[in-house]
Amino acid sequence: MRMEKMEEKEVKTACTGNGGMKWSFLSLASGSSGNCYYLGVSGYGILIDAGIGVRAIRKILKEKGLDFEKIAAVLVTHDHADHIKALGCLGEKYHIPIYATGKVHEGIDRSRYVEDTLLQSRRTIEKGQPFTIRDFRVEAFEVPHDSSDSVGYLIEYGNCRFTLATDVGYISDTVSDYLCRANHLVLEANYDEEMLWTGNYPDFLKERVASTTGHLSNHEAADFLATHYRPHMKNIWLCHLSRENNHPELACKTVDLRMAQEGIRVGRDVTLTVLRRMMPSEVFVLE
């Protein structure tokens, strides 16, 4: 089991991309204050969401030895502020294509958190319709959440499959299908039920978080992972933890114990890592 405070080292797997090239995953931030993830190969990379400032994105990438100038695209999951704050600047100042569904783009246009309207950088995608960004094959899939629209992403590179699903009200059959395809999986574990219901949130907000268009709990994520684990799954990252209603150690322990009940050994059968809310992760090298 890998928790937030445990050893920080590269995670290596048996997957290979085109020509044996490595690809890398980095979480820049993962939580209600901002979400941003990087996935890349030696010549370029993409971002999934951009809910932190451009200056922070540039700084973190530089510290990790990654080139901001080689960002080829941004994929957007939905139009809530903690996922879109930097899109206007990235798209219109730095001319980085911004990919989102039509409804998500409409939500971005309405958002007071995005200063620059996306014009030349706007790219509209359809759920369930694959498209390519250089060597990456990308497919968006529907995720239940209370935004204008919400998607997760399946990204394929060579024979490797990476799936990210955040802000998940519940795991629908569609979400389950895409999660089960992944070799490398990023899945929300937003809250602990007891902490939520005994905490200080007002009742309407507690109900919103726990609803089928809200967020996924530790136990919901754990039950899914324990009952849908496949031997081809190499890495699992838990994302978008609540500051008020969760702890990294609690989320990790909940998933670890539930998977153990099904005979799945975290640390041997699969690697489990909790992504930090306000701090970047290590660069995980997938090869």
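**View 1. Gly-43, a partly exposed residue in a loop.** Gly-43 is partly exposed, with a relative accessible area of 32%. Bear in mind as you look around that this is a predicted model. You will find Gly-43 in the loop that links strand S2 (34-40) to strand S3 (45-48). Leaving aside neighbours within four places in sequence, Gly-43 is in contact with Lys-70 and Arg-134. Trp-23 lies 20 residues away from Gly-43 along the chain, and the C-alpha atoms of the two are separated by 10.0 Å.

**View 2. Ser-30, a buried residue in strand S1.** Here we move to Ser-30, which belongs to strand S1 (residues 23-31). Its relative accessible area is 0%, so Ser-30 counts as buried, the limit being under 20%. Which residue's side chain joins that of Ser-30 in a polar contact of 2.8 Å? The partner is Tyr-37. Not counting residues up to four places away in sequence, Ser-30 also touches Asn-35, Cys-239, His-240, Leu-241, Leu-275, Arg-276 and Arg-277.

**View 3. The sheet that holds strands S1 to S6 and S14.** This open sheet has seven strands in the order S6-S5-S4-S3-S2-S1-S14, and its pairing is mixed. S6 and strand S14 (284-286) are the edge strands, each pairing on one side only. On average, and ignoring direction, neighbouring strands of this sheet are turned by 25 degrees against each other. S3 and S4 run parallel and are joined by four bridges. To find one place where they meet, look for Gly-45, whose bridge partner in S4 is Ile-71.

**View 4. Helices H1 and H4 on this sheet.** Helix H1 (residues 54-63) lies across S1, S2, S3 and S4, and runs at about 140 degrees to S1. Helix H4 (residues 102-110) also packs on the sheet, where it touches S5 and S6. The direction of H4 makes about 110 degrees with that of S5.

**View 5. Strand S5, covered on both faces.** Strand S5 covers residues 98-101. Which residues of S5 sit on each side? Ile-98 and Ala-100 are on one side, Tyr-99 and Thr-101 are on the other, and all of them are buried. Strand S4 (residues 71-75) is joined to S5 by two bridges, and these strands run parallel. Leu-75 has Tyr-99 in S5 as its bridge partner. S5 also pairs with strand S6 (residues 122-125), in the parallel sense and over four bridges. For Ile-98, the bridge partner in S6 is Arg-122.

**View 6. The sheet of strands S7 to S13.** A further view shows an open sheet of seven strands with mixed pairing, in the order S7-S8-S9-S10-S11-S12-S13. Its edge strands, strand S7 (131-133) and strand S13 (271-274), each pair on one side only. Neighbouring strands of this sheet are turned by 20 degrees against each other on average, direction ignored. S9 and S10 run antiparallel and are joined by five bridges. Leu-154 stands opposite Thr-163 in S10. H8 packs on the sheet, where it touches S11 and strand S12 (235-239), and its direction makes about 150 degrees with that of S11. H9 packs on the sheet too, touching S12 and S13, with a direction at about 155 degrees to that of S13.

**View 7. Helices H8 and H9, side by side.** The axes of H8 and helix H9 (residues 248-261) come within 8 Å and cross at roughly 35 degrees. H8 passes H9 in a right-handed crossing. In H8, the residues that meet H9 are Asn-218, His-219, Ala-222, Asp-223, Leu-225, Ala-226 and Thr-227. Their counterparts in H9 are Leu-250, Ala-251, Thr-254, Val-255, Arg-258 and Met-259. The residues of this contact divide into seven nonpolar, four polar and two charged.

**View 8. Helix H5 and what covers its buried residues.** Helix H5 (residues 173-180) has Val-175, Ser-176, Tyr-178, Leu-179 and Cys-180 as its buried residues. What covers these residues? The cover includes strand S8 (136-142), strand S9 (151-157), strand S10 (160-165), strand S11 (184-188) and helix H8 (218-228).

Technical notes: Residues numbered from 1 in each chain as written. Predicted model: local features only at pLDDT ≥ 70, side-chain atom pairs only at ≥ 80, totals over all residues. Heavy atoms only, no water. Buried < 20%, exposed > 50% of the residue type's maximum accessible area, 1.4 Å probe, protein only. Polar contact = N/O pair within 3.5 Å; in protein donor to acceptor, adjacent residues only side chain to side chain. Contact = heavy atoms within 4.5 Å. Axes fitted to C-alpha atoms, helices over the stretch in contact; angles between N-to-C directions. Left-handed = near helix turned anticlockwise from the far one by under 90°. Nonpolar A, V, L, I, M, F, W, Y, C, P; charged D, E, K, R; others polar. Pairing = 2+ DSSP bridges.
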